[in-house]
Amino acid sequence: MRRLLHALVMLMGLVSGGTASAGDIDVQISDTAKQAINGAGEIRVTLRNTSPLPVAIHVGTTPFQIIDGKLPNKIFKVIADDGTEARYIGTFVKFTDGDENYVILQPGEARSADVDLAKNYVLKGGGYTVRYTLISFNIHKVIQGVIQRDANPKYEKQTFSAKIWVNENLLGAKTLGEVFEPDSIQECDESKTAAINSALDAAKSMATDAMNYLFTNTRWDGTSGPDPAEGTFYPTARWNYWFGDTGPAYSPAPANMPTGHLPTGFITALYLAFSSTGNYPILKCDACVGRSPMTVATSETVNIVNQGNYSSSLIRLCPHFFDLPTSGTDSQAGTIIHEMTHFSQHYVSNDERAPPSYDFSGTADYQYGYANTHGLAVSDPDEAEHNADNYEYFYENTPPVQ
């Protein structure tokens, strides 16, 4: 017997104009029949349009594009009863914000998808809370078949949660599908390989620029020059535009501020990766079958045991990737940066501008597109610090913000 799980709703703000309210979508999270019988870690997620108008929801924030059991993004947070968050091992898909990447629900219409959490998260036996959040920037009214967009949308966030129980005896070992040689470009013709190498060069320049930005805007308290033990980072307009105006932060090292600004850790990791030939992700040209033609790239971890190193990560470059400019806004180089931020990292460094070691989890895709991503930084800096597009646009810095 299917058991309907309680949904906890947290509602903030009001939305008008073309942007629909997150409250226009009701979400129910329930057991699948299999979950109800044996606790296999499967849930059914149902989205229902409760408004009098059709609404469009960005597919990248829904469970409606599951391929081979893998979610399109880390759209759920799965928290064990002991408070630890389950590690995400599904796919990350870089969608555009175009109309073709939206799902339309008519008034009263409901759409459901079954999600095998065990294929997308590292689970153990016991109780979990599954959280699913909708952000109003990803939901729009549809009038006469046209998706409406506000120039200055208001921000609203709605979170649904449900409890599940997982039977440890039904969790199989995490195995790898394809086997890849690290630090390689695979299944690409000569012209695409040349384009990828140019994009990597541009991404390296972006990574160096970002690290120099951190270093330049850190003031040192010591009198004998830069001292990795002391410093205060003072964000400028460029930082605030993409990560929110959160003020200066004391730095126990110039790029190591786990209690200050999370993005400094990503910036350091990317700088070190592009300064080394041994920590690049695997890049593969892929047809991206089943995805929208406007999908740019997907990424996933292919070595679960060695997670925490970019060379254990795979980025599949879809055909649309090669339509993008090498650098600039929404570029090939920025896409590579975007995908690399998704991966959890552990690094060790002797570089005086970096801490000796650092561990942090990867980003998710809460928001897509230049305008809405900036809006996320203004409305919810914490979410912006965990959103991949915020990093991409900070790195691309086009048009430049100082």
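Which helix holds Ser379? I looked it up first. Ser379 sits in helix H6. I note that I am working with a predicted model.

**Ser379**

I then asked what Ser379 touches beyond its neighbours in sequence. Leaving out residues up to four places away, I found Phe137 and Tyr155. I took the C-alpha distance for Tyr155. Ser379 and Tyr155 lie 6.5 Å apart in space. In sequence, 224 residues separate Ser379 from Tyr155.

**Helix H6**

Next I went through H6 for buried residues. I found Asn372, Thr373, Gly375, Leu376 and Ala377 to be buried. What covers them? The cover includes strand E9 (126–135), helix H3 (237–243), helix H7 (381–384) and H8.

**H6 against H8**

I looked at how H6 (residues 370–379) packs with H8 (residues 388–396). Their axes come within 9 Å and cross at roughly 105°. An angle of 65 to 115 degrees counts as roughly perpendicular, so H6 is roughly perpendicular to H8. I listed the residues in contact. H6 supplies Tyr370, Thr373, Leu376 and Ala377. H8 supplies Asp389, Asn390 and Tyr393. By class, I get 4 nonpolar, 2 polar and 1 charged residues.

**H2 against H5**

I turned to another helix pair. At what angle do H2 and H5 cross? I read roughly 70° between helix H2 (residues 190–216) and helix H5 (residues 332–340). Their axes come within 8 Å. H2 and H5 are therefore roughly perpendicular to each other. I logged the crossing as right-handed. From H2, the contact uses Ala195, Ala199, Leu200, Ala202, Ala203 and Met206. From H5, I found Gln332, Ala333, Gly334, Ile336 and Ile337. The contact of H2 with H5 has 9 nonpolar and 2 polar residues, with no charged residues.

**Whole protein**

I counted 8 helices and 21 strands in the protein. There are 402 residues, and 56% of them count as buried. I also looked at the range of the contacts. Among contacts with a separation of 6 or more, 73% join residues 24 or more positions apart. The accessible surface comes to about 16,600 Å². Carbon and sulfur atoms hold 51% of that surface.

Key
Residues numbered from 1 in each chain as written. Predicted model: local features only at pLDDT ≥ 70, side-chain atom pairs only at ≥ 80, totals over all residues. Heavy atoms only, no water. Helix = DSSP H or I, 4+ residues; strand = E, 2+ residues; numbered from the N terminus. Buried < 20%, exposed > 50% of the residue type's maximum accessible area, 1.4 Å probe, protein only. Contact = heavy atoms within 4.5 Å. Areas by Shrake-Rupley, 256 points an atom, 1.4 Å probe, with all protein chains shown as cover. Axes fitted to C-alpha atoms, helices over the stretch in contact; angles between N-to-C directions. Parallel < 35°, antiparallel > 145°, perpendicular 65-115°, else oblique. Left-handed = near helix turned anticlockwise from the far one by under 90°. Nonpolar A, V, L, I, M, F, W, Y, C, P; charged D, E, K, R; others polar.
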